[in-house]
Amino acid sequence: MKQLRIGLVGTGWRSHFFIRIAQMLPERFQLVGAVYRSERGRDIVRNWGVPALTDHQALIDLSPDYVILSVNRGSMGELMRLYSRQGVPLLIETFPANDVDELRRLYDDLAGAKIQVAEQYPFQPLNAAHIALADSGLLGRVYQMQSSLPNGYHAVAVQRKLLHTGRTCPVIRANRYSHPMTGGPSRAGDPTEDTLVDAKQMLYQLDYGDRQALNDLEDNQHRSFIRTQHWVLRGERGELRGEDVLYLKDIVTPCHLTLERVMAGEGPNLEGLYLRGVRFGEHGWYYQNPYRPARLFDDEIAVATCMDKMGHYLETGEAFYPLEEELMDLYLALMIQKAADEDRPIEVKPQPWTE
């Protein structure tokens, strides 16, 4: 296994994921330097034990295999252009967009550049297991999924991959609601008082005619103590609801199995605390964690997968999430917002990256 030499730009919350992964998987990843902007950023980089750089050219001169851009929306486009002009391969953190014109400018300037996107949600273990189940044929042709995935573009990425819609343009319907809900954990940690918060809810549907994707998410639902994460897949010969799967062995033999997360380190098990994978009864593993026994949680496993796949892309040219895919996700996320704002169906129009 070749160790990948990686540069990093950014010192924010998401940047820490890449740092932690590199520190826990040193045989795979070596961080050769990180570019910071502020004194606080400098202190963060030094605490990581990574060479701290103020100049992008200094990072380029270190000849990393690729550079990770984990910066805010205002800086992302400019930095993508800067590094791409010098032929530096980029793995970029997913980012929101202001409008469709911004996406078109990015496509015009960067189509064909060596850019892949760290869109990790399709690689999170349970999401990956659901995609594997849909692809297995056990449920027949899967024509509908319902989920509670966060952030429009993350949800869209999983929906398009699972339903194999490619860059087809759907009709979008969306509604917003607002309800009082007891507050829960946040990035800052557990709640310190019992308060009601104004929880905003987004429901949307991507209608492709013969396939539909529905998403129902409240604010901070993925951290809430009192909200569940829900999944439904419907196919011609079976259904997943939660982690329960109903399918037909033959026309008179219905079967019921459960997708099961298998952990090490529970009870008397002394192997260490890590995810082994997701097992599906007699059908075996639908997902196996390639980084065991590293102590990574699900989202870190998914981000590490993107970092690994970037190395495979550089070696083989096989893209795993090119810029065009990210532009499609961001475009659909913008159209979901538009459909909710205008309270009417939006028929998505083709764009340069859909052709």
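**Core, strands and a glutamate**

Guide: The largest nonpolar core has 110 residues, and those with the most contacts inside it are Leu-69, Met-80, Tyr-83, Ile-92 and Met-307. Helix α9 (residues 323–342) gives the most to this core, with 12 residues. This is a predicted model: local features need pLDDT of at least 70, side-chain atom pairs count only at pLDDT 80 or more, and totals for chains, interfaces and linings use all residues. Residues are numbered from 1 along each chain as its sequence is written, and side-chain values use heavy atoms, leaving out hydrogens and water.

Visitor: What makes a set of residues a nonpolar core?
Guide: The set must consist of buried Ala, Val, Leu, Ile, Met, Phe, Trp, Tyr and Cys residues joined through side-chain atoms within 4.5 Å.

Visitor: Why is Glu-93 called buried?
Guide: Buried means under 20% relative accessible area, exposed over 50%, partly exposed in between (1.4 Å probe, protein chains only). Glu-93 has 6%, so it is buried. Glu-93 is found in strand β5 (residues 90–93); strands are DSSP runs of E, at least two residues, and helices are runs of H or I, at least four, numbered from the N terminus.

Visitor: Which strands does β8 join?
Guide: Strands pair if DSSP finds at least two bridges between them. Two bridges join β8 (residues 171–182) to β18 (residues 346–347), running antiparallel, with Ile-172 opposite Ile-346. To β9 (residues 196–207), also antiparallel, there are 12 bridges. Both counts meet the definition, so β8 pairs with β18 and β9.
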